[in-house]
Every structure is written in C-alpha cells, then in structure tokens.
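Visitor: Could you walk me through this structure? I would like to start with the surface and then look inside.

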Amino acid sequence: RIMPVRWSRYNPSYLEPEAKPESYQKPLEELTEEEREQMELKAVRPIKAAPPNLSSSVFSDPMVSKFTNMMMKSGNKVLARSLMSQTLEAIKRKQLEKYHKAPENEKEAIECNPYVIFHQALKNCQPIIGLSSITRGGKTYQVPVPLTDNRKRFLAMKWLITECRENKHRRTLMPQKLCQELLLAFNNEGPVIKKKHVLHKMAEANRAYAHFRWW
Amino acid sequence: MAAPAYPAWVTRWVSGQWRNKKRPPTLRPTRTLALADKVANRREQPTEATCITEMSVMMACWKQNDFNDAPCAEEIRVFYDCVAKAEKDRKNQNEDFLLSRGNLPSSKVNKLLKRFPQITRYV
C-alpha cells in the first residue's frame, strides 16, 4: 500500500526528465564534452516519471503554469486553466480593439501578444526589496532586505490574484478583472503597482535599520 | 567529673580519623563524569549587512524620481549584481570553514558528535 508522503521517494540515482526537443535535435558532433558525458549518463541511469505539468510544446510557459496553479482552488486545475486562457483571450481582444482604432503612426506601439503583456506586467509588479521583521532587544523592527527571484515572482503573482479576488464588483468575472489589472500593470498604473510603491516607501523610511541584517 | 560534651567533629578530629584515609569525598559529582554529546553554542562574529551602499544609492534615486523604476534601472542593476555576489560569497564561505579560521562552528561539531556518541554503558 502506498502512503502519500511529502518529499520525493526516488533513489538519488534517478535523473530528471528532459522535455525540450532542441536538446535532442542537435547532431552528435556539435555537443560539448559535458553534454556527451551527460548523454552517456542518461543511457545508463534510470529517469524519474515526468510530472503532468511538464510539457514539451512551444505554447507551454512555466510562468503561466505557475500563475494558473496559484489561481487554482481545491485542485480544480480545469477551471483555473480555462480562466487563464479566457484572460489571455480577453487581453488579446482588448489590444486588437485598441489597435484597429488607433491612427497609423501609433499602431506599432500597441503590444498585441498577451504573453508579452503578461510577462511585462509581472515584471513591473515585482518588488525590489522587501521588509523582514527582526527582533533586537525585545522590539521588532521592519528591516529592508533584498529578496530572491522566486520570492519576487511569488509576491507579484500573489498581489495580483488577491487584488482581483477582493476588489471587484460582484458581477464581474475573474478573467475580465485580471485582464484589466494586467493591462494596468503593463502601463505601470493600477493598485498592484501602488502596493509595490508602498512597500518601497516603507523600506526607504526604514533604511536606518538596514544594519540589523546579518546576511 | 562528667564526660565533657564536645561537638562530634571535635571527637572525630581528635581521634585522627580524618588524618587517615577516612576523609569525606572531595568530589561529589551530581552528574556522571563523562563527556556530553554536545558543545556549547559559540557566537560566531556576526557578519555585517552587505550591499548597504548600493541600497542607499538606489533609494536616493527613488526619492528623486518618485519611486519609478524606469529612470533608476542602472542603480537597480548594480544592486542586483551586489546581492548576487554577496549570495555567492556566503555560499563559498559556508563550504570552506575547514580551510579558514581554526575551529569548526558549533553546529557542525554537534552533528559530528551525535554521529559518534560517548558510550556510557556496556551491554
């Protein structure tokens, strides 16, 4: 009987599966020494089973899948994925509308690719430094601290999702609200960017405590 | 005359009991005389916060430009570089404590001692 367990139960000798088709299409002569050794190792060692969210298609984007996972509630991946695709479709529709209405000289400035908009919006929402509570002599101070990339991405996505879930009108659907927020973030406006600025301001106000860090 | 009542230690002393080997034990250990499997926590020199100058430069830039990121891109890039370098330095420093300053940190010593504990009883 297999009990569900938190960490991986694979033997350490198992290797990760490789999903990118480009790495298999290179001819043998072009590979470097390390890549040749890697290929020989893969021929001998066992390989882990591929997880369901790993895909080799050109349309799969790790950022988008992470975002869909964060939007998912109680394991309903079907719903989260459909909401995500509706959001991207809505972004595309709005941008196309703007494109067709714009005069000739402004047409190149309008970005129509929803993936580009999504990535740029997330990048604009990422905070640059964060605050962490450090206790010194009984008092807790909010100390400005540099964040890792993963933490920045997580915070950006979390702020976006909470903003869309809480501050919308009862009748608006999630894709429409998300689309609106993403377009605002793309142009550096909107409540998520404001939240990021508030965090930066607090960090700036507390910059005297920066010496409390020990890392 | 009646026997004079001396305190007990006087009698003992006079009798010479303590001059022979019958002394009370000089050592009365409350715990067993064996080395523990732990070392006390030694406070390493606390390292200073890294990248403060870059951070203050970036914040000054923010104050001038009303917290927009676009005009401050250069300062932000410098800050990120400094943070990455500091992270790498910390990682390297963690691994070569064997080569630098004399003693191991107390956490590593405790891990080793736990693997090879003191034998207190034989079966």
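**Surface and fold**

Guide: This is a predicted model. The accessible surface of chain A is about 14800 Å², and carbon and sulfur atoms contribute 53% of it.

Visitor: And how much of chain A is buried?

Guide: Of the 215 residues in chain A, 32% are buried.

Visitor: Changing topic: which elements make up chain A, and in what order do they run?

Guide: Chain A contains eight helices and two strands. Starting at the N terminus, the order is α-α-α-α-α-β-β-α-α-α. Chain A is more spread out than a compact globule, because its radius of gyration is 22 Å, well over the 17 Å that the globule rule gives for 215 residues.

Visitor: What box do its C-alpha atoms fill?

Guide: Along the principal axes, the C-alpha atoms of chain A fill a box of roughly 60 × 55 × 45 Å.

Visitor: Now chain B. How many residues does helix H3 have?

Guide: Helix H3 of chain B covers residues 73–95, which is 23 residues. From first C-alpha to last it reaches 34 Å, close to the expected 33 Å.

Visitor: Which residues of H3(B) are buried?

Guide: They are B:Ile76, B:Phe79, B:Cys82, B:Val83 and B:Ala86. In an α-helix, residues three or four places apart point the same way, because there are 3.6 residues a turn.

Visitor: What do those buried residues pack against?

Guide: The buried residues of H3(B) pack against strands E1 (129–136) and E2 (139–146) of chain A, together with helix H2 (52–64) of chain B.

Key. Residues numbered from 1 in each chain as written. Chains lettered and ligands numbered in written order. Predicted model: local features only at pLDDT ≥ 70, side-chain atom pairs only at ≥ 80, totals over all residues. Heavy atoms only, no water. Helix = DSSP H or I, 4+ residues; strand = E, 2+ residues; numbered from the N terminus. Rg over C-alpha atoms; globule rule 2.2 N^0.38 Å. Buried < 20%, exposed > 50% of the residue type's maximum accessible area, 1.4 Å probe, protein only. Areas by Shrake-Rupley, 256 points an atom, 1.4 Å probe, with all protein chains shown as cover. Expected span 1.5 Å × (residues − 1). Contact = heavy atoms within 4.5 Å.
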